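Let's take a friendly walk through this fold, one element at a time. Keep the model open beside you and follow along as we go.

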Amino acid sequence: MGDVDRLLAAFEADALCRPDASQPNVIDLVRAVGALSGVPDLDLSPNAKAISNQIGQPSHIVFVLVDGLGTHAFDDLPRHSWLRRQFACDLQSVFPSTTAAAITSMATGLWPAEHGAVGWWTYLPQLRETACVLPFIRLGDGAALLDCGVDPTEVFRGTPLIGRMTADAAVSQPRAIINSAYSTWFGAGAATLAYRTHRQAADLIAERIGGASRPTFTYWYTSAFDHESHEHGAESDEARDALADIDESLAELATTLSGLNARIVLTADHGHRDAGARFPIAGDDPLIDFLTTPPSGDMRLGFYHLREGAHDAFIRAFESRFGDHFALISTQDLEDLRLLGPDPLADETRRRVGDLTSLALDDSVMRYTGGADGEHFMEQRSHHSGLSHREMTVPLVIG
């Protein structure tokens with residue numbers, strides 16, 4: 001059985017989640033919210049229109065992005081929790097189910113096939129190197145991409161929706177990232193609300209809406225649950241405590257906003273799955289000899305740019321070591337299966353993904369460890385970017 005057939009069999013058996021734009025998804029959600037906040041000329045699918053109807057016509061929208069919050073995490077919440085009481089439905093995330101791809105989709109309303117942020121580590125042809133695109137640094141030495149002459153508009157294709165809204169827009173993020181290159185691009189000139197705790201964020205948002213003289217849109221991002229899941233595991237007490245704190249802060253915000261014609265709309269970029277087998281690819285790994293640049297991608301998928309004439313030898317070497325855990329498909333197969341979105345790959349995206357793609361068939365993780373960030377990611381307990389239902393299924397909460 002070829003690897004495309006193995007993937008199709010896993011989809012058919014429901015062992016993996018097949019990306020399907022006809023299912024309610026995060027692109028539907030962000031386009032619905034964008035249209036409600038005054039972004040003109042957005043194409044809304046039937047699912048997007050249904051989500052818009054669920055939200056209604058509020059004067060104020062608080063769009064909450066809880067990094068890493070797959071719907072599976074709701075099982076650990078008390079039944080009386082705000083999140084469980086306001087749960088509306090499941091949504092399918094984009095693939096890769098990872099922050100760089102999903103948040104860029106939420107920023108632009110575009111699929112990864114279009115915007116080109118295809119993993120935490122994305123190969124940039126203009127540099128002929130891989131970048132860590134959210135920290136906006138070069139993987140090899142940690143140099144800032146801005147210092148390398150690379151602008152965020154070159155890396156992230158598409159225009160942030162926030163900059164096109166008629167609503168008075170603001171971005172609330174942790175202090176550590178609110179002025180980063182990515183956050184500045186994402187915010188597109190919107191006001192910023194930097195916070196240290198979830199309670200502080202909720203207070204800042206409530207104060208802003210309470211004093212508003214026209215409709216508002218507020219984007220609230222928190223990485224606390226994702227961080228604890230990575231470090232301690234998706235089912236850890238630390239992850240549960242982080243989620244409980246988020247839930248309590250949301251409940252307080254909802255109470256404060258009562259009577260102000262405001263809606264809290266919450267989702268996530270991806271879920272989490274604890275790591276199984278771990279396969280580090282060091283800088284001197286024999287696989288590197290077949291490539292023009294080290295592997296890019298993320299923890300459960302890899303992209304490979306092959307040297308001329310190395311195609312068959314690379315496939316044999318890869319499959320002999322990793323074939324029990326990863327499928328290896330061509331870029332044409334990646335496009336034909338519409339894994340990165342319903343449309344063909346943009347030319348720039350095609351250049352970034354290279355010749356072959358590996359996809360985890362189970363909970364295994366793999367990454368190149370020869371960059372400036374070393375082996376830290378290989379030591380984390382839980383990861384994402386794969387096709388499991390835990391990683392691909394996120395909640396829609398409307399309160």
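This is a predicted model: local features need pLDDT of at least 70, side-chain atom pairs count only at pLDDT 80 or more; totals for chains, interfaces and linings use all residues.

Seven strands form an open sheet with mixed pairing, and their order is β2-β18-β9-β1-β8-β6-β7. At the edges are β2 (87–92) and β7 (191–195), each of which pairs on one side only. From one strand to the next, the twist averages 20 degrees. Helix α5 (residues 99–108) packs on this sheet, where it touches β1 (60–66), β8 (216–222) and β9 (262–267). The direction of α5 makes about 165 degrees with that of β1.

How many residues of β1 are buried? Seven of the seven are, so β1 is largely enclosed by the rest of the structure. In a regular strand the side chains alternate between the two faces of the sheet. For β1, one side carries H60, V62, V64 and V66, the other carries I61, F63 and L65, and all of these are buried, so that both faces are covered. Next, look at the partners of β1. With β8, the strand pairs in the parallel sense over seven bridges, and the bridge partner of H60 in β8 is T216. With β9, β1 also runs parallel, joined by six bridges; here F63 stands opposite V265.

Let's turn to the helices. The axes of α10 (residues 224–232) and α11 (residues 237–257) come within 8 Å and cross at roughly 175 degrees. That angle makes α10 roughly antiparallel to α11, because angles over 145 degrees count as such. On the α10 side, the contact is made by A224, F225, E228, S229 and H232, which meet E238, A239, A242, L243 and I246 in α11. By class, the residues of this contact divide into six nonpolar, two polar and two charged.

Helix α11 has another packing partner to look at. Helix α9 (residues 198–210) packs with α11 at an angle of about 20 degrees, and their axes are 9 Å apart. What does that angle say about their directions? The two helices are roughly parallel to each other, because the angle falls under 35 degrees. The crossing of α9 past α11 is right-handed. From α9, the residues H198, R199, A202, I205, A206 and I209 meet D245, I246, E248, S249, E252, L253, T256 and L257 in α11. This contact has seven nonpolar, three polar and four charged residues.

Another pair of strands deserves a visit. Strand β3 (residues 121–124) is covered on both faces: W121 and Y123 on one side, T122 and L124 on the other, all buried. β3 pairs with β4 (residues 129–132) in the antiparallel sense over four bridges, and the bridge partner of T122 in β4 is A131. The hairpin of β3 and β4 has four residues between the strands, and in it R128 takes a positive phi near 55 degrees.

We finish with two individual residues. F322 is found in helix α12 (residues 311–322) and counts as buried at 3% relative accessibility, because the cut-off for buried is under 20%. Beyond residues up to four places away in sequence, F322 touches F279, I281, L287 and M366. F322 and A360 are 38 residues apart along the chain, and their C-alpha atoms are separated by 9.6 Å.

Where does L291 lie? L291 sits in the loop between β11 (278–281) and β12 (296–297). L291 is buried, with a relative accessible area of 2%. Leaving aside neighbours within four places in sequence, L291 is in contact with Y304, H305, L306, R307 and F314. The C-alpha atoms of L291 and L339, which are 48 residues apart along the chain, are separated by 23 Å.

How values were computed
Residues are numbered from 1 along each chain as its sequence is written. Side-chain values use heavy atoms; hydrogens and water are left out. Buried means under 20% relative accessible area, exposed over 50%, partly exposed in between (1.4 Å probe, protein chains only). Two strands pair if DSSP finds at least two bridges between them. Axes are lines fitted to C-alpha atoms, for helices over the stretch in contact, and angles run from 0 to 180 degrees between N-to-C directions. Contact means heavy atoms within 4.5 Å. Angles under 35 degrees count as roughly parallel, over 145 as roughly antiparallel, 65 to 115 as roughly perpendicular and the rest as oblique. Ala, Val, Leu, Ile, Met, Phe, Trp, Tyr, Cys and Pro count as nonpolar, Asp, Glu, Lys and Arg as charged, and the others, Gly among them, as polar. A crossing is left-handed if the near helix is turned anticlockwise from the far one by less than a right angle, and right-handed if clockwise.
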